[in-house]
Amino acid sequence: MQRVVVLWLSSLAVLAAGALAVCPDGRCGIGNFDRAGLGLAHALRSGWLDGVMERVTWLGSLMLLLPLTAAVAWLLLRSRRRREAVFLLLALLGSSALGHVFKLWVERPRPDLFPAWLDMPGDWSFPSAHAMQATAAALAWLLVARHTRAFWAILLGLAVLLVGLSRIYLQVHFPSDVVVGIVAALLWVAGLHALLLRPAAGGHRKAGKGAA
């Protein structure tokens, strides 16, 4: 249980530290890191990349991830892997809820240095919910996979990277929104995994004695 608490407190600490860094004293500014990232994204803009990024960014949407995650959870339930099914759903929904709570607390405006390439979302900017949701879903799916983890790690890791980059490229998030969101989601899911799926150390010791 101590491991769970440490991981979840770390997730909250990352979000809180990020919030204080981007909005000190409640006044949100644009640091050099965010300015440089958005400037580079704007400089790389091209017609074909616009289309790619507009499609890729949907991989982090709850409208897509929730039905997919629910479908995988249903398959796990059919295989009597109930804890893993619950883990998948809580990983996604918990990270999404955590991100939106911090959005309401921080109230960081969306970027306006350069024109956005799609309709600007109506909520606040920090942290990136798309980045958090994509990260949480990808890590949770990887942790319940029982075969070809290396393949899935590469594929899902690439998907998370592309979602994060797409939010910056499309000028709807600052780079700091994305980086903090990814790290916070990783810690959230790691804590949830330790709570629901990680075997207790005592269980390992008992199993070892029984085998002997």
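This is a predicted model: local features need pLDDT of at least 70, side-chain atom pairs count only at pLDDT 80 or more; totals for chains, interfaces and linings use all residues.
Two residues are in contact here when their heavy atoms lie within 4.5 Å.

## Thr 57 and Leu 62

Thr 57 sits in the loop between α3 (47–56) and α4. Apart from neighbours within four places in sequence, Thr 57 touches His 130, Ser 166, Arg 167 and Leu 170. Its relative accessible area is 2%, so Thr 57 is buried.

Leu 62 belongs to helix α4. With a relative accessibility of 29%, Leu 62 counts as partly exposed. Again setting aside neighbours within four places in sequence, Leu 62 has contacts with Pro 67, Leu 92, Ser 96 and Gln 133.

## The nonpolar core

In soluble globular proteins, nonpolar side chains tend to be buried together. In this model, the largest nonpolar core has 26 residues. Which of them have the most contacts inside it? They are Leu 15, Phe 87, Val 106, Phe 126, Ala 140, Val 189 and Leu 192. The elements giving two or more residues to this core are α1 (2–22), α4 (62–78), α5, α6 (129–144) and α8 (175–196).

Beyond its neighbours within four places in sequence, Phe 87 is in contact with Ala 140, Leu 143, Val 144, Val 189, Leu 192, His 193, Leu 196 and Leu 197.

Is Lys 103 buried or exposed? Its relative accessibility is 2%, so Lys 103 counts as buried. This lysine is part of helix α5 (residues 82–106). Leaving out neighbours within four places in sequence, its contacts are Arg 110, Asp 123, Trp 124, Ser 125, Phe 126, Pro 127, Ala 129 and His 173.

One of those contacts, Asp 123, also forms a salt bridge with Lys 103, with the closest N and O atoms 3.7 Å apart. This pair links distant parts of the chain, with Asp 123 in the loop between α5 and α6 and Lys 103 in helix α5, 20 residues apart. Asp 123 is partly exposed because its relative accessible area is 29%.

## Salt bridges

The model has 7 salt bridges. The table shows some of them, including the two just described.

| Asp 123 | Lys 103 | 3.7 Å |

Through salt bridges that share partners, Asp 34, Arg 108 and Asp 177 are joined into one network.

## The disulfide

A disulfide is a covalent bond between the sulfur atoms of two cysteines. How many disulfides does the structure hold? There is 1 disulfide, formed by Cys 23 and Cys 28 with their sulfur atoms 1.9 Å apart. The torsion about the S-S bond of Cys 23 and Cys 28 is about 100 degrees, so this disulfide is right-handed. Cys 23 has 7% relative accessibility and counts as buried, whereas Cys 28, at 31%, counts as partly exposed.

## A nonpolar patch on the surface

Some nonpolar residues are found on the outside. Met 1, Val 5, Leu 9, Leu 12 and Leu 195 form a nonpolar patch on the surface, and together they have about 470 Å² of accessible area. Helix α1 supplies the largest share of the patch, 3 residues. Val 5 is located in helix α1, and its relative accessibility of 38% makes Val 5 partly exposed.

Methods. Residues are numbered from 1 along each chain as its sequence is written. Side-chain values use heavy atoms; hydrogens and water are left out. Helices (H or I, at least four residues) and strands (E, at least two) are DSSP runs, numbered from the N terminus. Buried means under 20% relative accessible area, exposed over 50%, partly exposed in between (1.4 Å probe, protein chains only). A nonpolar core is a set of buried Ala, Val, Leu, Ile, Met, Phe, Trp, Tyr and Cys residues joined through side-chain atoms within 4.5 Å. Patches are made of residues with over 30% relative accessible area and no salt bridge: like charges are joined within 9 Å, nonpolar side chains (Val, Leu, Ile, Met, Phe, Trp, Tyr) within 5 Å. Accessible areas come from the Shrake-Rupley method with a 1.4 Å probe; for residues, only the protein chains shown count as cover. A salt bridge is a side-chain nitrogen of Lys or Arg within 4 Å of a carboxyl oxygen of Asp or Glu. A disulfide is a pair of cysteine sulfur atoms within 2.5 Å.
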